[in-house]
Amino acid sequence: MINRIMIFLAVLMIWSPPLSAQTGPLRIEITEGVIEPMPYAVPDLVPANSAAGELASNIARVIASDLSGTGLFREIPANAHISRITSFQSPVQFSDWKAINAQALITGSVSVDGAGKLVVQFRLYDVFAGQELGQGLQLVGTTEGWRRIAHKVADQVYSRITGEGGYFDSRVVFVAETGPKDKRAKRLAIMDYDGANVTYLTDSSAIVLAPRFSPTGDKVLYTSYETGFPRIYELDVASVGRRVLESQEGTMSFAPRFSPDGRQVVFSLSRGGNTDLYVMDVSSGSSRRLTNAPSIETAPSYSPDGSQIVFESDRSGTPQLYIMAASGGEPRRISFGKGRYGTPVWSPRGDLIAFTKQSKGRFHIGVMRIDGSEEQLLTASFLDEGPSWSPNGRVIMFTRETQGAQGRASLYSVDITGRNLRQVPTGTGASDPAWSPLQN
Amino acid sequence: MILLAGLALAACTNADRFNEDTVELNGAQGSAGDPTSPLYFQETVGDRVLFEVDQSSLTGTAMATLDGQAQWLTTNPEYTAVIEGHADEQGTREYNLALGARRANAVQEYLLSRGVAGNRLKVVSFGKERPIEICSEESCYEQNRRAVTIISSGLTG
């Protein structure tokens with residue numbers, strides 16, 4: 001159902017400049033509070049043959065959409081360009097790009113052969129230094145996977161200029177929603193991070209909730225009411241085959257999440273009205289209880305090294321965030337602000353916890369350090385919840401639901417600086433996004 | 001005294017509303033005039049109890065309704081029940097699932113304490129997934145913070 005597209009990266013050795021160019025002046029420090037977006041140009045790539053004509057333009061548009069979508073870059077549109085790039089090999093007229101203040105210039109070529117093989121080459125230039133930034137790269141894939149190639153080029157550009165890992169060649173699994181609030185139909189869907197290539201993974205015959213990727217992105221855990229009771233399922237993304245993972249009679253299970261090595265699943269299990277955390281060994285299916293308290297313990301998330309778990313508990317009387325060892329034991333509370341805290345998610349960098357906060361009738365997505373300090377609220381609305389981290393830990397995607405009888409859920413993303421709040425296009429209503437790791 | 005008055009009023013209202021012989025609402029079967037029918041249970045005994053914000057303890061009104069449920073279940077032993085716990089939309093999805101589980105369990109415990117056999121009752125939480133009222137105001141929220149006893153025939157499996 002979903003084709004795995006193999007992409008091969010190869011370094012092109014073409015009068016490449018010394019690596020020291022990477023430490024040149026073309027640089028965005030995205031830890032700074034406010035930045036002026038860096039102006040750049042990405043003219044249509046040069047088609048090496050007539051079959052590549054349309055893709056040459058489409059690939060440039062996706063690269064531009066990725067870069068400008070970060071809020072860190074600002075594209076100088078083609079109608080302002082002085083030079084035309086008509087040959088990938090010819091020297092660049094830097095003066096023409098300086099004149100329009102394009103600090104970065106991306107050029108490329110595209111060729112397509114009769115078998116549908118797509119070859120893209122690109123270079124990134126530091127216009128004001130008059131040299132390349134990093135080496136030219138060649139990416140090989142299929143015409144069907146052209147968007148992935150474009151995302152990979154954009155990831156390279158983003159990475160070279162910011163010094164951070166990219167996140168454009170990634171996917172999002174989410175719950176597609178249709179119908180009114182009291183009869184909402186939900187089904188699992190997967191798409192590229194930018195909303196392209198939506199594919200449905202389940203039908204809407206049963207309520208499905210909160211999908212989560214495995215560390216390699218090929219499996220998804222989710223909760224389904226297929227049997228009439230909430231149970232955790234594991235779905236294989238490629239085959240769409242699924243199996244129930246947890247089905248103890250007389251219990252309900254939900255809020256699953258993989259450990260970073262993919263061998264364990266931590267989840268919530270309700271029995272006799274009490275919800276505690278359990279961990280399951282995926283290969284043997286055996287479960288072990290991690291918490292044992294009359295309070296609600298839910299929404300667990302592992303630290304990237306797998307040694308700790310952050311979760312939500314109302315043991316203090318209101319829902320707050322706690323961290324404990326992955327093997328269980330006494331948790332320590334990390335949230336102390338006014339309000340109710342939930343759905344904590346450990347950043348892939350390990351330094352921050354994203355969470356949902358309810359305060360004074362509003363919902364917020366926020367981040368705090370793992371000791372609970374430096375809490376920052378990034379959003380505010382009638383209902384924001386369920387943060388998920390981009391693979392590089394710079395962006396958070398979440399659910400925003402509007403108020404009232406016509407209320408509708410959509411996906412939004414926001415930088416961890418609180419800037420660049422954007423709706424993610426999904427067609428139908430959408431909730432519970434989970435961002436995949438960067439694809440191979 | 002107050003509890004009894006509340007019950008009498010509810011019964012009266014329901015009787016007025018359901019004087020037609022055969023009605024089917026939310027899948028409940030049978031005739032509203034037949035005291036052994038699931039529809040009678042739903043409409044006359046009262047199939048749901050409501051909860052305060054973020055609470056799962058039973059109010060006096062709720063306990064009076066559940067006394068009626070327990071009595072009906074005792075006199076109609078061929079039926080089983082699934083108790084659905086629900087929450088309003090103010091809260092995260094996961095917390096509300098757990099809260100709905102608490103509410104369904106509170107109802108189950110009460111029915112058990114009134115002599116209903118444990119093997120006739122199952123519980124499930126829908127969290128905030130299935131509101132019956134869809135506005136974003138307290139008038140709707142108070143109807144959505146509920147536990148509903150759904151009657152079915154045969155074993156709950």
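**Exercise 1.** Work out how α3(B) and α4(B) pack: at what angle, and how far apart are their axes?

*Solution.* Start with the geometry: in this predicted model, α3(B) and helix α4 (residues 93–113) of chain B pack at about 55°, with axes 9 Å apart. Axes are lines fitted to C-alpha atoms, for helices over the stretch in contact, and angles run from 0 to 180 degrees between N-to-C directions. Helices are DSSP runs of H or I with at least four residues, and strands are E runs of at least two, numbered from the N terminus.

Next, classify the angle. Under 35 degrees counts as roughly parallel, over 145 as roughly antiparallel, 65 to 115 as roughly perpendicular and the rest as oblique; therefore α3(B) and α4(B) are oblique to each other.

**Exercise 2.** Decide whether B:Asn76 is buried or exposed.

*Solution.* First, locate B:Asn76: the loop between α3 (60–75) and β2 (79–86) of chain B. Then apply the cut-offs: buried is under 20% relative accessible area, exposed over 50%, partly exposed in between (1.4 Å probe, protein chains only). B:Asn76 has 4% relative accessibility, so B:Asn76 counts as buried.

**Exercise 3.** Find the bridge partner of A:Arg340 in β25(A).

*Solution.* Begin with the sheet: four strands of chain A form an open, antiparallel sheet in the order β24-β25-β26-β27. Two strands pair if DSSP finds at least two bridges between them. Five bridges join β24(A) to β25(A), and A:Arg340 is partnered by A:Gln358.

**Notes.** Residues are numbered from 1 along each chain as its sequence is written, and chains are lettered from A and ligands numbered from 1 in the order in which they are written. Local features need pLDDT of at least 70, side-chain atom pairs count only at pLDDT 80 or more, totals for chains, interfaces and linings use all residues, and side-chain values use heavy atoms, leaving out hydrogens and water.
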